[in-house]
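Hi everyone, thanks for coming. Today I'd like to walk you through one structure, so please have a look at it on the screen before I start talking.

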Amino acid sequence: MAGDRMAEDLIGLKVMIIDDSKTIRRTAETLLKKEGCDVVTATDGFEALAKITDQQPDIIFVDIMMPRLDGYQTCSLIKHNQVFRHTPVIMLSSKDGLFDKARGRIVGSEQYLTKPFTKDELLGAIRRHVKKEQMA
């Protein structure tokens with residue numbers, strides 16, 4: 001499984017990044033586009049919810065600390081939607097707290113990544129939660 005040969009498994013995959021930090025959005029977008037992913041970004045939960053229906057992402061990364069609608073609320077709304085409840089949601093946070101991780105699980109998130117995340121963590125989360133047949 002090592003090496004660059006695995007890169008093609010992410011081509012065409014639609015990934016949504018929801019974060020109020022322009023730096024985080026840009027970093028994730030650059031990394032993912034290099035792997036062939038189709039990236040959709042949103043600055044907060046409201047913008048994300050408006051885009052999700054049109055874009056139908058395969059996986060969603062959402063920052064916990066955001067203005068207006070935080071990551072927990074956003075994740076909860078996604079998971080309560082019949083169409084998107086099976087879409088994997090990965091929480092992003094600059095805090096590595098047990099409470100935050102537990103709260104993320106309560107609202108239905110699949111995983112929790114601490115910022116700054118590495119390329120391997122980001123790609124690993126996608127590979128772990130998006131099934132190959134979903135990608136095809």
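Predicted model: local features only at pLDDT ≥ 70, side-chain atom pairs only at ≥ 80, totals over all residues.

Which residues of H5 are buried? They are Leu122, Leu123, Ala125, Ile126 and His129. These five span an arc of only 155° around the axis, so they sit on the same side of H5. If you are new to helices, here is the background: an α-helix has 3.6 residues a turn, so residues three or four places apart point the same way. Now turn to the other side of H5, where Asp120 and Arg128 are exposed. And what do the buried residues of H5 pack against? Their partners are strands S1, S3, S4 and S5 (111-114), together with helix H1 (22-34).

That brings us to the sheet. It is an open sheet of five strands, in the order S2-S1-S3-S4-S5, with parallel pairing. S2 and S5 are the edge strands, each pairing on one side only. On average, neighbouring strands in this sheet are turned by 20° against each other, ignoring direction.

Let's zoom in on S1, residues 14-18. Are its residues mostly covered or mostly open? They are mostly covered, as five of the five residues of S1 are buried. You can see this on both faces: Lys14, Met16 and Ile18 lie on one side, Val15 and Ile17 on the other, and all of them are buried.

S1 pairs with S2, residues 38-42, in the parallel sense over five bridges. H1 itself lies across S1 and S2, and runs at about 170° to S2.

Now look at the other neighbour of S1. Four bridges join S1 to S3, and these two strands run parallel.

S3 covers residues 59-63, and five of its five residues are buried. Ile59, Phe61 and Asp63 point one way from S3, Ile60 and Val62 point the other way, and all are buried. S3 is also joined by four bridges to S4, residues 89-93, and the two run parallel. As a landmark there, Ile60 stands opposite Val89 in S4. Between S3 and S4 the chain crosses through helix H3, residues 71-79, and this β-α-β crossover is right-handed.

So what does H3 look like? Its buried residues are Gly71, Tyr72, Thr74, Cys75, Ile78 and Lys79. Looking down the axis of H3, these buried residues fall within an arc of 165°, so they line one face of the helix. They pack against S1, S3 and S4, and also against helices H2 (45-55) and H4 (98-106).

One last topic, and it starts with a residue we just met. Cys75 is buried, at 0% relative accessibility. Cys37 is buried too, with a relative accessible area of 6%. How many disulfides does the structure hold? The number is zero. For comparison, a disulfide here needs two cysteine sulfur atoms within 2.5 Å.

Methods:
Residues numbered from 1 in each chain as written. Heavy atoms only, no water. Buried < 20%, exposed > 50% of the residue type's maximum accessible area, 1.4 Å probe, protein only. Pairing = 2+ DSSP bridges. Right-handed = clockwise from strand over helix to strand, strands pointing away. Arc of directions from axis to C-beta. Contact = heavy atoms within 4.5 Å. Axes fitted to C-alpha atoms, helices over the stretch in contact; angles between N-to-C directions.
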